[in-house]
Amino acid sequence: MKTIDLIVRQAEISKIFPNGFQLLLEDTASTLDAIKAADEEIKKKCGNFPVKEFKSLLHMVYHPHEDRFYKQVAVQAHVKSKPFLNIRENPKMPLPNETTIILIPQGGCQTDWEEPVT
């Protein structure tokens with residue numbers, strides 16, 4: 001098992017989870033697995049996803065047919081031993097233990113906006 005910290009910079013989610021998510025995941029877990037685990041915690045605490053136009057955090061940030069994050073999503077990850085992990089290019093790669101992921105679902109500087117797939 002490994003620990004992953006997921007910080008989500010989004011108003012409705014940050015109000016409910018101001019310290020982000022501290023997740024205990026399988027050794028083979030990826031960024032997508034961390035997002036799914038955060039969705040489970042959101043579901044337990046809130047019932048419905050708190051951002052009205054979306055079904056889940058995964059729905060908000062990930063294009064399932066093209067296996068990538070939406071263009072407007074800012075995402076970065078790091079561990080102490082490696083200051084940058086390229087999870088944008090490979091969201092399914094296994095994460096090292098003690099990875100911190102910062103996820104901004106609706107990055108403000110992005111002009112190339114995509115609508116989520118339903």
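The chain holds three helices and seven strands. In order from the N terminus, these elements read β-α-β-α-α-β-β-β-β-β. The model is a predicted one. The chain has 118 residues, and its radius of gyration of 13 Å agrees with the value near 13 Å that a compact globule of this length would have.

**Overall dimensions and packing**

- The C-alpha trace of the chain spans about 35 × 30 × 25 Å along its principal axes.
- Of the 118 residues, 43% count as buried.

**Surface and charge**

- The chain carries 15 positive and 16 negative charges.
- The mean position of the positive charges and that of the negative charges are 3 Å apart.

**Strands 5 and 6**

- Strand 5 covers residues 74-79 and strand 6 covers residues 82-85.
- These two strands pair in the antiparallel sense, over two bridges.
- Ala-77 has Leu-85, in strand 6, as its bridge partner.
- The link from strand 5 to strand 6 is a hairpin through two residues.
- In a regular strand, side chains alternate between the two faces of the sheet.

**Residues with positive phi**

- Most residues other than glycine have a negative phi.
- Asp-67 is not a glycine, yet its phi is positive, at about 55°.
- Asp-67 sits in the loop between strand 3 (62-63) and strand 4 (68-69).
- Asp-67 counts as partly exposed because its relative accessibility is 35%, and the partly exposed class lies between under 20% for buried and over 50% for exposed.
- Glu-98 is another residue other than glycine with a positive phi, here near 65°.
- The loop that holds Glu-98 runs between strand 6 and strand 7 (99-104).
- With a relative accessibility of 48%, Glu-98 therefore counts as partly exposed.

Note on methods: Residues numbered from 1 in each chain as written. Predicted model: local features only at pLDDT ≥ 70, side-chain atom pairs only at ≥ 80, totals over all residues. Heavy atoms only, no water. Pairing = 2+ DSSP bridges. Helix = DSSP H or I, 4+ residues; strand = E, 2+ residues; numbered from the N terminus. Rg over C-alpha atoms; globule rule 2.2 N^0.38 Å. Buried < 20%, exposed > 50% of the residue type's maximum accessible area, 1.4 Å probe, protein only. Lys, Arg positive; Asp, Glu negative; His and termini not counted. Charge placed at Lys NZ, Arg CZ, Asp CG, Glu CD.
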